[in-house]
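Dear colleague,

Please find below a structure that I am handing over to you for your work.

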Amino acid sequence: MDKNRIIVFDTTLRDGEQSPGCSMNTDEKIKVALQLEKLGVDVIEAGFAAASPGDFDAVSRIAERVKNSSICSLSRAIENDIKQSALAVSKAPLHRIHTFIATSPIHMKYKLKMSEEEVIKRAVHAVQYARTFVDDVEFSLEDAGRSEISFMKEVMDAVIAAGASTINLPDTVGYRLPHELGAMVKELSDFAGDRAIISVHNHNDLGLSTANTLASVMNGARQIEVTMNGLGERAGNSALEEAVMAIKTRKDAFGDLYTGINTVELFPTSRLVATITGVEPQQNKAIVGKNAFAHESGIHQDGMLKNNETYEIMKPEDVGVFKESTLILGKHSGRAAFRDKIEHLGFDKVSDEELNAAFDRFKLLADKKKDVTDDDIRMLITDEALNQDKTYELVGLQISDCSNGMPMAAVSIKYKDDIMQDANIGDGTMDAIFKTIDRLTGISGELNDYKVTSVSEGKDSLAKVTTRVTFDKDAPSFVGHGLSIDTMLATAKAYLGSVNSYLSQKERLSKNSEHQV
């Protein structure tokens, strides 16, 4: 093993998806996983296979598609969890089982209701059982940030002897300060020696997750568990883009340490995750935020004109933020120019079907919009990729509303070769649209979340709408995406996208019912 290489373990699809409102369907997870592979992530934690049939399906299908990154599934220290993880990752060329149990006094007393001896026994059995399926087993000491060093050493000795090759020390509640966590990692890294790789997984409850991750790296950790855009439970996790770029930029501090991340793919990956989840990074978010490389102050602008290094410690293009290309697209542009543009934007694996559909939509947009920006084109391509499952397709929408009138929506949708039409009234225009679609499809949904964002600037900007809809009680919600200059049209497309996503997942899970746990 190269002791200078930092293993990047991405948990966007597991811990990141646990962020409120960030659930993804299987096809969306696959798209993210393939982009993470392109980014150069070493280990992709694809989900918690035993959590639900949907999670199992997602992990197993990702395992079939990804070739260059190790695919990992999380599991409690329970045999059934471990077995489901093993089945789900089995088809991946590189695979790992990640099992865990809590080791802090408060967790053992109140959550597990187990003694230290019982915890060690359970941990050892979990690792031994996981090793009957895979060679690569990671063990996490949940809430390590509040665990006692002496007890963690006992657990580490036992699980390493049982076959664990990676030991993860998560600051599960984001409690520790950087110097505290650094000291803990240093002592436990020295204790482990060459017997195991020390990993860290830091939460951001006090806004210190990335600082804690970097302090851990400087004190012996050689795997970092991170998420794109810092997504995750509660306040989130250490952001992949921040940790990676800090190690790359501050060579004076990190010396020969490095990651295998292709940093040019950071911004495209961030945009894909934001588009799918509907959760945009804050504008001043480090590395990938809209303002990360913007300079408004006159003093800063003057310095930038003289030498970029006066106010920029990274080049925007190093993280995949490129200036608008000189090739301007408009309504007279052809397919070749369009393909060249999307390749320039990093979309080098777009199918001919997706390209043709996106080009047709581009031509329609160019007729309505004076300037078609790179962000517009990026969103057209992404939106086309996210709406492949089209059981129902929106054909037309007509709405009517006024201050004292009754909101009404007339909707036309295509189902197989038939065009279905209906109209309905509602408490508002959106409600009328949703009720009409429900009646046409025969599926009633409950809207859990609705977001609309502007893709670019100006009154002719594309509206990007994300809906999150629940169709079955106690079942996960399904995300839909809609894109149009007309916000209500984008809303109808997004809601219908949620319906299509639900139907696609329902059909696939019924075929894989033998894997249900």
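This is a predicted model: local features need pLDDT of at least 70, side-chain atom pairs count only at pLDDT 80 or more; totals for chains, interfaces and linings use all residues.

Residues are numbered from 1 along each chain as its sequence is written, and side-chain values use heavy atoms, leaving out hydrogens and water.

Helices are DSSP runs (H or I, at least four residues), numbered from the N terminus. The axes (lines fitted to C-alpha atoms over the stretch in contact, with angles from 0 to 180 degrees between N-to-C directions) of helix 13 (residues 335–344) and helix 15 lie 10 Å apart, at an angle of about 90°. The two helices are therefore roughly perpendicular (65 to 115 degrees). Phe 338, Lys 341 and Ile 342 of helix 13 make the contact (heavy atoms within 4.5 Å) with Asp 374, Ile 377 and Ile 381 of helix 15.

Helix 15 (residues 374–386) also packs with helix 11 (residues 266–277): their axes come within 11 Å and cross at roughly 55°. On the helix 11 side, Phe 267, Arg 271, Leu 272, Thr 275 and Ile 276 meet Arg 378, Met 379, Thr 382 and Leu 386 of helix 15.

Helix 1 (residues 26–39) has 14 residues. Of these 14 residues, 11 are buried (under 20% relative accessible area, 1.4 Å probe, protein chains only), among them Ile 30, Val 32 and Leu 36.

With kind regards

Technical notes. Angles under 35 degrees count as roughly parallel, over 145 as roughly antiparallel, 65 to 115 as roughly perpendicular and the rest as oblique. The expected span of a helix is 1.5 Å times one less than its number of residues. Buried means under 20% relative accessible area, exposed over 50%, partly exposed in between (1.4 Å probe, protein chains only).
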